[in-house]
Amino acid sequence: MEQKSILGHFGPYGGRFVPEALIQALDELDSAHKAALVDSEFQRELDVLHRTYTGRPSIITEAPRFAAHAGGARILLKREDLNHTGSHKINNVLGQALLTKRMGKKRIIAETGAGQHGVASATAAALLGLECVVYMGEEDTKRQSLNVARMKLLGASVVPVTTGSRTLKDAINEAMRDWVTNVETTHYLLGTVAGPHPFPTMVRDFHRIIGVEARAQVLELTGRLPDAVLACVGGGSNAIGIFHPFIEDASVRLIGLEAGGSGVETGKHAATIVGGTPGVLHGTRSYVLQDENGQTVESHSISAGLDYPGVGPEHAYLHDIGRAEYRAITDDQAMHAFALLSQTEGIIPAIETAHALAGALQVGNELGEDAILLINLSGRGDKDVQTAAQYFGIPL
Amino acid sequence: MKSLKEVFERAKSENRAALIGYMPAGFPTSELSARLINAMVDGGVDIVEVGFPYSDPVMDGPVIQQAAETSLRNGTSAQDVLNLVSQIKAPALVMSYWNPIERFGVENFARGLSHAGGVGVITPDLTIEESAEWITTTNHHSINRIYVVAPSTSDARLAEVTRACSGFVYAASLMGVTGARNSVSGSASELVARIRRVTQLPIAVGLGVSNAEQANQVASYADGVIVGSAFIKLVLESNSDDDSIARVRTLAEQLSEGVRRS
């Protein structure tokens with residue numbers, strides 16, 4: 001039992017807090033993931049898909065006009081927004097969908113908040129001939145009706161979840177209930193670096209490609225490592241993907257930007273590390289937004305993709321050991337950066353990503369013009385046009 | 001207060017299975033939950049499971065979810081759960097997801113439960129790998145640890161999990177969440193047989209058992225029969241406090257007939 005307790009842990013975080021019914025499926029997934037890591041045929045298959053379908057490697061774009069607002073630091077954008085389906089989510093989804101086939105399962109289920117992971121999952125299911133059911137909070141199906149239609153066009157079923165707060169957290173609960181019931185035939189294609197082991201490790205491994213590519217690209221472009229790497233953090237998948245290959249580079253600051261909503265001090269936010277406490281949610285121990293009775297508290301953010309009261313356990317660990325730092329960006333700060341990037345560089349970012357850009361404005365001004373900042377531009381803003389138009393008072 | 005061991009031994013000597021009834025704390029109100037639970041006991045329930053309501057109950061179907069939401073709106077806290085346990089006339093367990101226990105404090109919870117006269121805790125999402133502190137603390141306070149195993153649990157894993165159990169083993173009759181079903185899954189008897197090979201502990205079967213006929217069927221191979229959602233459904237459907245108490249008591253009486261082996 002001693003040795004087993006180390007499994008899937010990041011310091012005191014991570015692990016498995018799940019019904020016994022799921023243990024066998026998690027063990028099977030863990031084995032499949034470990035085997036795939038060293039299986040050249042699997043790696044080749046994924047690599048071909050990334051080159052011919054995802055559009056990898058994603059490019060680096062320098063953003064000098066935006067950087068003028070960030071103390072003149074050099075700002076380099078890792079363009080995950082240019083991936084097929086419009087965000088980094090496809091990296092993980094293709095990896096897990098290939099694993100699903102290897103495990104002989106024919107059905108995938110997924111949760112989605114903003115709809116990006118749901119769309120990516122529906123896409124991979126169409127590509128690989130899998131049945132796909134996406135659980136989405138009823139509130140989110142209304143906020144993101146365009147993505148609901150996209151998933152349906154791709155052949156997936158979308159199940160609106162009407163329990164609890166009717167958002168991402170409840171969509172995950174409902175997906176877990178489906179999985180407990182249908183685990184023999186079904187893979188739960190979890191969309192972030194949270195959940196029980198092996199999800200935090202496996203999802204990170206499928207997203208590491210972001211940081212591996214970016215590290216080489218920045219070295220080639222500038223001749224040195226960046227001073228800081230920035231990414232937005234909801235569950236934390238795009239952030240861990242770009243951070244992980246830099247963890248051993250002690251000179252590189254890793255900065256995660258959480259959703260501060262109306263401000264952490266107001267209680268209306270989704271900044272789990274900045275404003276939460278250690279606890280257990282959705283099968284893993286990490287920071288959680290919870291009340292004094294251990295009940296999960298509803299999160300708030302203008303960005304549906306960051307609107308989650310938990311966070312990946314590896315981020316909790318990187319925070320506690322001081323290797324990464326986490327800040328909260330309010331809705332207003334994020335929307336300012338959203339407009340600024342659109343109007344200085346001609347790139348409309350996802351509102352999630354705009355939190356990282358707002359962080360870059362702060363950190364650039366702190367570090368000055370000699371600094372090089374690498375930002376994970378994790379998604380594009382097409383899906384957010386309606387929300388942004390409302391925010392800025394543009395009539396539709 | 002009788003121990004779990006005594007309850008199972010007595011049931012065995014009477015050629016029946018023990019009847020275990022579930023009711024969430026603070027549902028439909030804090031006051032009424034104590035009366036409902038004692039009505040279950042008056043009707044023949046041997047062991048009571050008090051549900052600690054949780055915001056994210058992934059092992060529960062719609063009925064228990066609804067009851068938990070009501071209870072949370074009533075502001076039910078760990079202390080309320082412990083107070084309720086102290087009012088129960090039969091051996092009482094708490095069924096709780098892990099986070100509320102961890103938040104209250106593992107030591108505080110085990111000590112508080114022991115003082116309230118509670119005899120054990122069912123932890124549906126605590127794996128044995130994460131149980132080190134829980135095992136030490138519950139041993140210290142003489143609280144039974146009941147883990148839930150499932151039809152998908154391998155033989156090797158059954159041996160490991162039941163070794164960490166005390167009091168009894170909770171066997172989930174099927175792959176799925178709590179809630180009444182039309183029939184009890186055939187996988188239940190097979191699972192019970194596999195558990196018997198690795199432990200001497202009594203085995204209670206839950207998930208999907210809602211009436212006397214099903215209870216009778218389960219009692220033919222298990223030492224305990226667990227009923228939850230069916231009781232809650234009656235409370236949700238009743239039109240007054242007295243009505244819900246009467247209906248709960250009647251179901252308990254029917255089930256306690258059902259668990260007799262004939």
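Start by selecting Glu20(A) and Arg157(B): the two form a salt bridge whose closest N and O atoms are 2.3 Å apart. A salt bridge here is a side-chain nitrogen of Lys or Arg within 4 Å of a carboxyl oxygen of Asp or Glu. This is a predicted model, in which local features need pLDDT of at least 70 and side-chain atom pairs count only at pLDDT 80 or more, while totals for chains, interfaces and linings use all residues. Residues are numbered from 1 along each chain as its sequence is written, chains are lettered from A and ligands numbered from 1 in the order in which they are written, and side-chain values use heavy atoms, with hydrogens and water left out.

**The interface of chains A and B**

Now show both chains. In contact (heavy atoms within 4.5 Å) are 37 residues of chain A and 39 residues of chain B. Together the chains bury about 3100 Å², 48% of it on carbon and sulfur atoms. Buried area is the accessible area (1.4 Å probe) that two parts lose on being put together, summed over both. Select Glu20(A), Arg177(A) and Gln295(A): these supply 22% of the area that chain A buries against chain B, more than any other three residues.

Between chain A and chain B there are three salt bridges. Polar contacts across the interface link 21 residue pairs, both residues at pLDDT 80 or more. A polar contact is a pair of N or O atoms within 3.5 Å; within protein, one must be able to donate a hydrogen and the other to accept it, and residues adjacent in sequence count only if both atoms are side-chain atoms.

Colour helix 1 (23–37), helix 8 (168–182) and strand 11 (277–281) of chain A, the elements that give two or more residues to the side of chain A that touches chain B. Helix 8 of chain A gives the largest share of that side, seven residues. Helices (H or I, at least four residues) and strands (E, at least two) are DSSP runs, numbered from the N terminus.

Next, select Lys169(A) and Asp56(B), a salt bridge with its closest N and O atoms 2.8 Å apart. Lys169(A) lies in helix 8 of chain A and Asp56(B) in the loop between strand 2 (47–51) and helix 3 (62–73) of chain B, so the pair joins two chains. Both Lys169(A) and Asp56(B) are buried. Buried means under 20% relative accessible area, exposed over 50%, and partly exposed in between (1.4 Å probe, protein chains only).

**Salt bridges within chain A**

Over all chains the structure holds 45 salt bridges. For one of them, select Glu80(A) and Arg56(A), where the closest N and O atoms are 2.7 Å apart. Glu80(A) sits in the loop between strand 4 (74–79) and helix 4 (89–102) of chain A, and Arg56(A) in the loop between helix 2 (40–54) and strand 3 (60–62) of chain A, so the pair ties together parts that are 24 residues apart in sequence. Glu80(A) and Arg56(A) are both buried.

Move on to Lys383(A) and Asp384(A), whose side chains meet in a salt bridge (2.8 Å, N to O). Lys383(A) is buried, as is Asp384(A). Then select Arg56(A), Lys78(A), Glu80(A) and Glu213(A), which salt bridges with shared partners join into one network.

**Backbone stops**

Most residues other than glycine have a negative phi, and most peptide bonds are trans. Select His197(A) and Pro198(A): the peptide bond from the one to the other is cis, with omega near 15°. Pro198(A) is in the loop between strand 8 (186–188) and helix 9 (199–222) of chain A. In chain B, the bond from Phe27(B) to Pro28(B) is cis, with omega near -10°. Pro28(B) is placed in the loop between strand 1 (18–24) and helix 2 (30–43) of chain B.

Arg166(A) has a positive phi, near 60°, and is not a glycine. Find Arg166(A) in the loop between strand 7 (157–161) and helix 8 of chain A. His282(A), also not a glycine, has a positive phi of about 50°. The loop between strand 11 and strand 12 of chain A holds His282(A), which is buried with a relative accessible area of 7%.

**Last stop**

Finish at Ser303(A), in the loop between strand 12 (284–288) and helix 12 (313–320) of chain A. Ser303(A) counts as buried because its relative accessibility is 1%. Apart from neighbours within four places in sequence, Ser303(A) is in contact with Ile351(A), Glu352(A) and His355(A).
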